[in-house]
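Dear colleague,

Please find below the structure I am handing over to you. My notes on what was found in it follow directly after.

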Amino acid sequence: MSELRPEYTIERLHDRQKGTLPDLLGVHILALEHGTLSAELTVRDELLAPNGFLHAATVIGLADTACGYACLAHLPETARNFTTVELKSNFLGTATEGTIRAVAKAVHLGRSTQVWDATVADPNGRTIALFRCTQMVLY
């Protein structure tokens, strides 16, 4: 199992996201520990679909960012980077305001692939999405 790489701190990940989609979404990392990362974003009008509910792409953006940052922080020592090769989401609810939170957890931390699951919860802690992605490790 890959160890947590000490050079990937919460502060470094926040700096790294400046000017990118996670920054535009307002993703904020809360915690990074071995095998897990949690992040949140505050729902605002720009992140809603035309029907007035949270856009599915916003939820995926939060979940994929949480899993991606976690993958980066858990890459094998000689790996350069990673790329997403597959992702899937199941939506169970939505939100129109407040802060949503994603918790990413490692399922498989291999040398060539990593698999991460994320659960996204609404401001009341109810699960609104289940997410899974497979990351290819790049050397």
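**Salt bridges**

Aspartate 15 is partly exposed, with a relative accessible area of 49%; here buried means under 20% relative accessible area, exposed over 50%, and partly exposed in between, with a 1.4 Å probe and protein chains only. Before going further, please note that this is a predicted model, in which local features need pLDDT of at least 70 and side-chain atom pairs count only at pLDDT 80 or more, while totals for chains, interfaces and linings use all residues. Residues are numbered from 1 along each chain as its sequence is written, and side-chain values use heavy atoms, with hydrogens and water left out.

Which residue does aspartate 15 form a salt bridge with? The partner is lysine 18, and the closest N and O atoms of the two lie 3.4 Å apart. A salt bridge is counted when a side-chain nitrogen of Lys or Arg is within 4 Å of a carboxyl oxygen of Asp or Glu. Lysine 18 counts as exposed, at 57% relative accessibility.

The whole structure contains 6 salt bridges by this search. Another one of them links the side chains of arginine 5 and glutamate 7, at 2.8 Å from N to O. Arginine 5 is buried, with a relative accessible area of 16%, whereas glutamate 7 is partly exposed at 33%. Arginine 44 and glutamate 46 also form a salt bridge, with their closest N and O atoms 3.3 Å apart. In that pair, arginine 44 is partly exposed at 34% and glutamate 46 is exposed at 62% relative accessibility.

**Strands and their pairing**

Helices (H or I, at least four residues) and strands (E, at least two) are DSSP runs, numbered from the N terminus. Two strands are said to pair if DSSP finds at least two bridges between them.

Strand β1 (residues 28–33) runs antiparallel to β2, and 5 bridges join them. The two form a hairpin with 2 residues between them, and glycine 35 in the turn has a positive phi of about 80 degrees. Glutamate 33 stands opposite threonine 36 of β2.

Strand β2 (residues 36–42) is also joined to strand β4 (residues 99–109), again antiparallel, by 7 bridges. On this side, threonine 36 faces lysine 105 of β4, and leucine 41 stands opposite isoleucine 100. How many residues of β2 are buried? The count is 5 of its 7 residues, and β2 is mostly covered.

Strand β4 pairs in turn with strand β5 (residues 113–121), in the antiparallel sense and over 8 bridges. A hairpin of 3 residues joins β4 to β5. Alanine 104 has alanine 118 in β5 as its bridge partner.

**The largest pocket**

The largest pocket has a volume of about 280 Å³. A pocket, on a 1 Å grid over the protein atoms alone, is an open set of points where a 1.4 Å probe fits, with protein on both sides within 12 Å along at least five of seven lines, and its lining residues have an atom within 4 Å of a point. Grid points are joined across faces, edges and corners, and the volume is the space filled by probe spheres set on the points.

Of the 15 residues that line the largest pocket, Pro22, Asp64, Thr65, Gly68 and Tyr69 are the closest to its centre. The elements that give two or more residues to the lining are α2 (21–25), α3 (56–73) and β3 (81–91). The largest share, 7 residues, comes from α3. By class, the lining has 6 nonpolar, 7 polar and 2 charged residues (Ala, Val, Leu, Ile, Met, Phe, Trp, Tyr, Cys and Pro count as nonpolar, Asp, Glu, Lys and Arg as charged, and the others, Gly among them, as polar).

**Two residues in detail**

Threonine 58 is found in helix α3 and is buried, at 4% relative accessibility. Leaving aside neighbours within four places in sequence, threonine 58 is in contact (heavy atoms within 4.5 Å) with Leu25, Leu41 and Leu47.

Leucine 138 lies in strand β6 (residues 127–138) and is partly exposed, with a relative accessible area of 26%. Not counting residues up to four places away in sequence, leucine 138 touches Ala79, Arg80, Asn81, Phe82 and Thr83. Leucine 138 and valine 115 are 23 residues apart in sequence and 14 Å apart in space, C-alpha to C-alpha.

With kind regards
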